[in-house]
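Please examine the following model together with the questions and answers below, which set computed values against the criteria behind each term.

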Amino acid sequence: MTGAARTALTAPPTPLEITRRRFFVWPKWFDVSIRPPTPANPRPRRAPPRFTKSPVNRLDSHDKVEAASRLLARLLEARAAWFLREGRDAAAAVELRRGEWELRVAGGSLVFSYWGESGLRRWRVAAWRAEGEGLYLEAVGRAGARRALLSLVPRAPVASARAAVADARRAECERLAALFCEAACARLEHASLSPGARRGEPGRWARVLLRMKAVGSEHVALAAPVVPAGAEAVESFLTSALLWFERLGEGGRGARTLRLVAPRALAAAVSERLPLLREGLRERVSLYELAEGERRPSLLDVPTLEELLDAPAPRLARAAGRAPSELTAGVVALAPDEIDFVRARYGETLRFHGLPFARVRRVAGREQLWFGVGNHRDLFEEGKEADFFNLLDALREHRRAAAPERRHALYRAAPEAWLEALLRRDVTRLDPGLRLAPIHAQFRAAPGAAARPVDLLALRRDGRLVVVELKVSEDAALALQGADYWRRVEAQRRAGHINGAGLFGDAELSDEPPLLYLVAPMLRFHRSFHALARCLSPRIETYRLDLNEDWRAGPRVVRRVALTNNWR
C-alpha cells in the first residue's frame, strides 16, 4: 500500500470522493451464527400458561421432589442429546448433550441447570409432565419473578434420520416401479436407487428395469425422481440416468431404450437437453411427464436440435460502453493486479481475485460504497479508513497463490471465480487465438431467466464465438452444463442478438456455431467425464482443456483434446 493511496482515501472528502464509509471489523465478516440480534428494548416476557393436559406432576412435597429428581434424571440420561426451548421462542432452542445439564435437590426444591446462549441458566421446577417422547417443565426463576415452560425434545440420532430418509425414498421407488409396471404392462426385473452423496446413502433418482410382455420381451430402463425436483436438478437427473443406461448396456442386462419420467418443471428442462445428445442415443431416449396424483405418465414431444436453436430467443441488453464510476476506479487503483469489477443491475461489484468484497451503488444521486465478504453488508462511513485497509490487507495476505495458510476462509472461498478472474485478465492462456477484449464473464444468454450464466464468452480472431465452462472440482455434469450453455449462445447468435447488442463491438462474427471449451485442473475432471462427453451431438465442437494443478500461481493449458473429432 503506497503512502499516496492511503492519503487519497484519508484526505477530506470532496463531492467526487467517498462521503459515507463503513466497513465490517475483522473477523465479523465470517460470523455464521444463527442467533437473532438482541432488540434494543426487549418486551417483557409474559408468564406462560400452566399445564392444561394431564397427568401433571406438581412438586408440592419433599417426597414428590425426590421422586421427580430420580425419574427425570433417568429419562434425561436415556438420550444422548436433547433440544431445549424456553417458552414459545423457537429461536432460543439450544442443544443439550449428556453431561451438559444438572438436576439436583436444593432447599426442598428441584433445580434444573444448564448452559444456554446467554450463559448459565438455573430454574426451579414447579411441575412436569411427559408427552410422547418430550418432557415439559414448568419452571420458575429469580425468586418467582421469571417463569417459563421448558420443552425438551430428544434429538434423533443422525443415523436414525438417515435411515428414515432412506426408507421413504425406497418406498417411493417401489411405488413408482409398481405404477410403471401397470402402465406399461411389463414385469419388474429390478428396482433400486441411484447412489447418494455419501457412501451407502440412497440417492434421489429411481432406477427401474422392466421386461416388456410384448415387443419381444425386451428390457426397458426407466429413471424418475423420488424426491421433489424442479428444473434446477436437470443436469444431475440426466447425468445419473445416462450413466446408468450406459452401464446397463455394458452388462448382460442391456436395455434397448431409456424412459425418463419427471414432473412438469423437470420434464420441461429435460426436453431442452435431449436434443443435444448424439443421434443414435437420442433415438433411444423418450421423455414422459407424470403429474402429481396421476397413475399414467404421458409421452412428451421433444424438439429436434434445429427446432430448439431456431426458437425465438429473448433480446440481449446492449453492452454498456461507459467507464467505471470514479469511486470504483479509485478502489481498483489500490490493487489493480488483484481487483476487478463487474457491472450489476444497480451498480458495480468489486472483486478481489474473483471474491466480491465491495459494491458501489448510486443512492439519491450520490455514489455510496458497501463492504463485506459473505452475506453481511455494511455502509462505508467516514472515519472507517482503518477498517478498509484491514480488509484489503487481509485479502492480500490470504487470497494469493503463496498464502501461508491454505485453510483460511479467504483462500478457500469462491475458487471458480478466482480462476475466472485470472483468465478474464488474459484469456489467451487458454487459446492464443482468442481476443483479449472484450470478454464477457458470467454472461446471461437469457436475460431475467433462472438459468445459470456462462462463465466466459469470448471471441476468436477468426470471428468464432467460444463458450468457456470452468470447474475446479469434480463435477460429472460438466459436459451437459457446457452443452446447454452452447445451445443458449448459439440460439442468440442465430437470432442476431449478439451482433445487435454490440457485445464484441465492430468485430465481425463468423457464421459458424460457437466452440465449447470445458476447462478444469488436470486431476479435477470427473471419472465419468468422457462417458458423458461421448453422449453429446458431434455438432457441438467440444474441447477439453486441462490446466496445471497450481493454477492460482498462473493458469496454463497442459493438455488440449478435441473431443468431437475423436467420437464422430
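Buried means under 20% relative accessible area, exposed over 50%, and partly exposed in between (1.4 Å probe, protein chains only). This is a predicted model, in which local features need pLDDT of at least 70 and side-chain atom pairs count only at pLDDT 80 or more, while totals for chains, interfaces and linings use all residues. Residues are numbered from 1 along each chain as its sequence is written, and side-chain values use heavy atoms, with hydrogens and water left out.

Q: Which residues of α2 are called buried?
A: Val65, Ala68, Ser69, Leu72 and Leu76 are the buried residues of α2. Helices (H or I, at least four residues) and strands (E, at least two) are DSSP runs, numbered from the N terminus.

Q: What puts these residues on the same side of α2?
A: They cover an arc of only 110 degrees around the axis, the arc being that of the directions from the helix axis to the C-beta atoms, and therefore lie on the same side of α2. The face turned away from this buried side carries the exposed residues Asp63, Arg70 and Arg74.

Q: How does the reach of α2 from its first C-alpha to its last stand against the expected value?
A: Helix α2 (residues 62–77) has 16 residues and reaches 23 Å, close to the expected 22 Å. The expected span is 1.5 Å times one less than the number of residues.

Q: Why are Glu420 and Arg351 classed as they are?
A: Glu420 has a relative accessible area of 3% and is therefore buried. Arg351, at 5% relative accessibility, also counts as buried.

Q: What is the relation between Glu549 and Arg524?
A: Glu549 forms a salt bridge with Arg524, with the closest N and O atoms 3.5 Å apart. Glu549 lies in the loop between β24 (542–547) and β25 (557–562) and Arg524 in the loop between β23 (515–521) and α14 (529–533), so the pair ties together parts that are 25 residues apart in sequence. Glu549, at 32% relative accessibility, counts as partly exposed, as does Arg524 at 34%.

Q: What makes a set of residues a nonpolar core?
A: A nonpolar core is a set of buried Ala, Val, Leu, Ile, Met, Phe, Trp, Tyr and Cys residues joined through side-chain atoms within 4.5 Å. The largest such core has 66 residues, and Leu242, Leu258, Leu260, Leu274 and Phe504 have the most contacts inside it. Helix α4 (residues 234–250) gives the most to this core, with nine residues. A second, separate core of 24 residues includes Ala403, Leu419, Tyr517 and Leu545.

Q: Why are β9 and β14 said to stand at the edges?
A: The open sheet of six strands has the order β9-β10-β11-β12-β13-β14, with mixed pairing. β9 (186–195) and β14 (298–299) each have a single partner strand, so one side of each is left without a neighbour in the sheet.

Q: How do you know that β9 pairs with β10?
A: Two strands pair if DSSP finds at least two bridges between them. Eight bridges join β9 to β10 (residues 202–212), so the two strands, which run antiparallel, count as paired.

Technical notes. A salt bridge is a side-chain nitrogen of Lys or Arg within 4 Å of a carboxyl oxygen of Asp or Glu.
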